[in-house]
Amino acid sequence: MKATSASAREIAAAIAYGETTAAATLEATLDAIATRNGELGAFTDVVAHRARTRAAAIDAARAAGRRLPPLAGVPFAVKNLFDITGVTTRAGSKINRANPPASLDATAIVRLEAAGAILVGACNMDEYAYGFTGENAHDGPSRNPADLTRMTGGSSGGPAAAVAANLVPVAIGSDTNGSIRVPASLCGLYGLKPTYGRLSRAGAFPFVASLDTIGPLARTTADLAAVYDALQGHDPRDPVCNPPDDAPLLPLVSEGIGDVRMALADDYFLAGATDEARTALESLAADLKITQRVTLPEAHRARAAAFVLTAAEGGTLHLPRLQEGAVDFDPDTRDRLIAGAMIPAAWVVQAQRFRRWFHNEVMRIFDSVDVIFALATPITAPKLGQKTFTFDGAEIPVRPHLGLYTQPITFIGLPVVTVPLKRAPGDLPLGIQIIAAPWNELAALKVAHDIEARGLSAVVDRTT
Amino acid sequence: MTVKRADHTVKLAAAMEPLLDIPIDSAWRPQIAAFLAMAAHNADLYADLPYDDANDEAAPVFRPGRTAEETQ
């Protein structure tokens, strides 16, 4: 087993069986970060001392004959909006660096460490999570391991670069409008955006409270499930985290898809995509014998309403920081947030009303299907610095629009697993969304696992 | 509503600017206006639809998986 390309579950098994140690695995990880982070821009903070202390404790526990938890010794990273005790939570910003270090770990970190995983550091992101590019005016861009001249996608760009480059097997990102799914698509990874309210966001710097979720990026579906299971459970620190159940999914994802009803989203979710992207999705649908097509009604309006909610809630959240230090923002973020703070309340409230209408319409679709397939991004990774791309014959800005297929889904809080399509040699990565009804992460994970098991998806090994 | 919101965003930005108390550099204003116009264009797509009272949310915390009636 090579520590820097093995899956999380392979690493945990190797440590549990004494084939390697947590300390050796960690040192290989830290070496890989030191060697490659300069070109990738994935990590902004590395917590080596903390990680070494935890690795030593895990190795000592094994030596003492104690049973290890399921992810014992697995290195992981988090987007730098998660609180890490003793580290200032920058959330991609310059402004937050004046804040005191966090005094508590985010719940996601607490739970993963309780499962034995070892936090190695925090990763680059779009400033305050307001962007789909992975570019950052203060820390530089995260770079796509598939092509270092291209975007990772964002805003969880650093976590995606870290996993896609095999620096860590899993990382935790956040997804408000597509910030796990867009980088998963552009970097060629599996990603899980859970149902809104499923996983605790406590200790994660907020962006849009009514849309924010957190979730894992990984190189296998089993790792997604294993990390998701470790993160599950009610958390009084997050007022919306009150899931109806928290049964482990890992034992269930490989049971097969049985009679799961699958459909392809048409209309909005196919219009505008490149021929390459459409062909890739339709080829997968053919392989899976998916014949049913569904239309999510008025999806373009759902995306529009999500756009306005995001701008208004984000602008309001950051108003004090804009008043005190607007010049210290990334200009691209600043101008959007200021505009968001100017939005009239009526536009926001109508967006919330439209959300309920759209939710109820989409719930009717789930009466006859269990999962819906759609592209995650309309294009493959743009070049770093690229400002526009062609969509449906028009040139539109990259930063606010790369997530136009993901935004309508987050708008109504649905769970989604992103799957990297199998690509021809030399082709850039591209992902699809497998969308399920609220709280039915299991259906999306089962289908993703089935696609992986059939060899219809692929994560390219980028170990160097 | 027959008036397009995006036609009035320059006036909206000028009216809101003193209320926000943000020191806005004049060089930023075109981009701010452009983003506000983008938001207005988006609001035009949904804000004037005929909503039933059942679409009202009981609170600003959205919960998926429940109908409007169950939410209330």
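## Where the chains meet

Chain A puts 40 residues into its contact with chain B, and chain B puts in 32 residues. This is a predicted model. Helix α13(A) gives the most, with twelve residues.

What kinds of residues make up the side of chain A that touches chain B? They divide into 24 nonpolar, ten polar and six charged.

## Chain A as a whole

Chain A has 16 helices and 15 strands. Its C-alpha atoms fill a box of roughly 60 × 55 × 45 Å along the principal axes. A compact globule with 464 residues would have a radius of gyration near 23 Å, and the 20 Å of chain A agrees with that.

Of the 464 residues, 61% count as buried. Now take the contacts in chain A with a separation of 6 or more. Residues 24 or more positions apart account for 77% of them.

## The nonpolar core

The largest nonpolar core has 169 residues. Among those with the most contacts inside it are Phe76(A), Ala162(A), Ala171(A) and, from chain B, Ala39(B). Helix α10 (residues 299-317) of chain A gives the most to this core, with ten residues.

Ala171(A) shows who meets whom. Set aside its neighbours within four places in sequence. Ala171(A) is then in contact with Phe76(A), Ala77(A), Val78(A), Cys123(A), Pro159(A), Ala162(A), Val163(A) and Leu217(A).

## A buried leucine

Leu186(A) lies in helix α6 (residues 181-187) of chain A. Is Leu186(A) buried or exposed? It counts as buried, because it has 34 C-beta neighbours inside 10 Å and the cut-off is 20 or more.

Which residues does Leu186(A) touch, leaving aside neighbours within four places in sequence? They are Asn144(A), Met151(A), Thr152(A), Gly153(A), Thr377(A), Thr380(A), Ala381(A) and Pro429(A). Thr152(A) is 34 residues away from Leu186(A) along the chain, yet their C-alpha atoms are separated by 5.9 Å.

## Two helices in chain B

In chain B, helix α1 (residues 9-20) meets helix α2 (residues 29-46). Their axes come within 9 Å and cross at roughly 115°. The crossing of α1(B) past α2(B) is right-handed.

From α1(B), the contact uses Thr9(B), Val10(B), Leu12(B) and Ala13(B). From α2(B), it uses Ile32(B), Ala33(B), Leu36(B), Ala37(B) and Ala40(B). Eight of these residues are nonpolar, one is polar and none is charged.

## Backbone exceptions

Most residues other than glycine have a negative phi, and most peptide bonds are trans. The peptide bond from Gly154(A) to Ser155(A) is cis, with omega near 10°. Ser155(A) sits in the loop between β5 (147-151) and α5 (157-164).

Lys289(A) is not a glycine, but its phi is positive, about 60°. Its place is the loop between α9 (275-287) and β10 (293-294). Lys289(A) counts as exposed, because it has 7 C-beta neighbours inside 10 Å. Trp439(A) also has a positive phi, near 75°. It lies in the loop between β15 (431-436) and α16 (441-453). With 18 C-beta neighbours inside 10 Å, Trp439(A) counts as partly exposed.

How values were computed
Residues are numbered from 1 along each chain as its sequence is written. Chains are lettered from A and ligands numbered from 1 in the order in which they are written. This is a predicted model: local features need pLDDT of at least 70, side-chain atom pairs count only at pLDDT 80 or more; totals for chains, interfaces and linings use all residues. A nonpolar core is a set of buried Ala, Val, Leu, Ile, Met, Phe, Trp, Tyr and Cys residues joined through C-beta atoms within 7 Å. A residue is buried if 20 or more other C-beta atoms lie within 10 Å of its own, exposed if 12 or fewer, and partly exposed in between; C-beta atoms are placed from the backbone. Helices (H or I, at least four residues) and strands (E, at least two) are DSSP runs, numbered from the N terminus. Two residues are in contact if their C-beta atoms, placed from the backbone, lie within 7 Å. The radius of gyration is taken over C-alpha atoms; the globule rule is 2.2 Å times the number of residues to the power 0.38. Axes are lines fitted to C-alpha atoms, for helices over the stretch in contact, and angles run from 0 to 180 degrees between N-to-C directions. A crossing is left-handed if the near helix is turned anticlockwise from the far one by less than a right angle, and right-handed if clockwise. Ala, Val, Leu, Ile, Met, Phe, Trp, Tyr, Cys and Pro count as nonpolar, Asp, Glu, Lys and Arg as charged, and the others, Gly among them, as polar.
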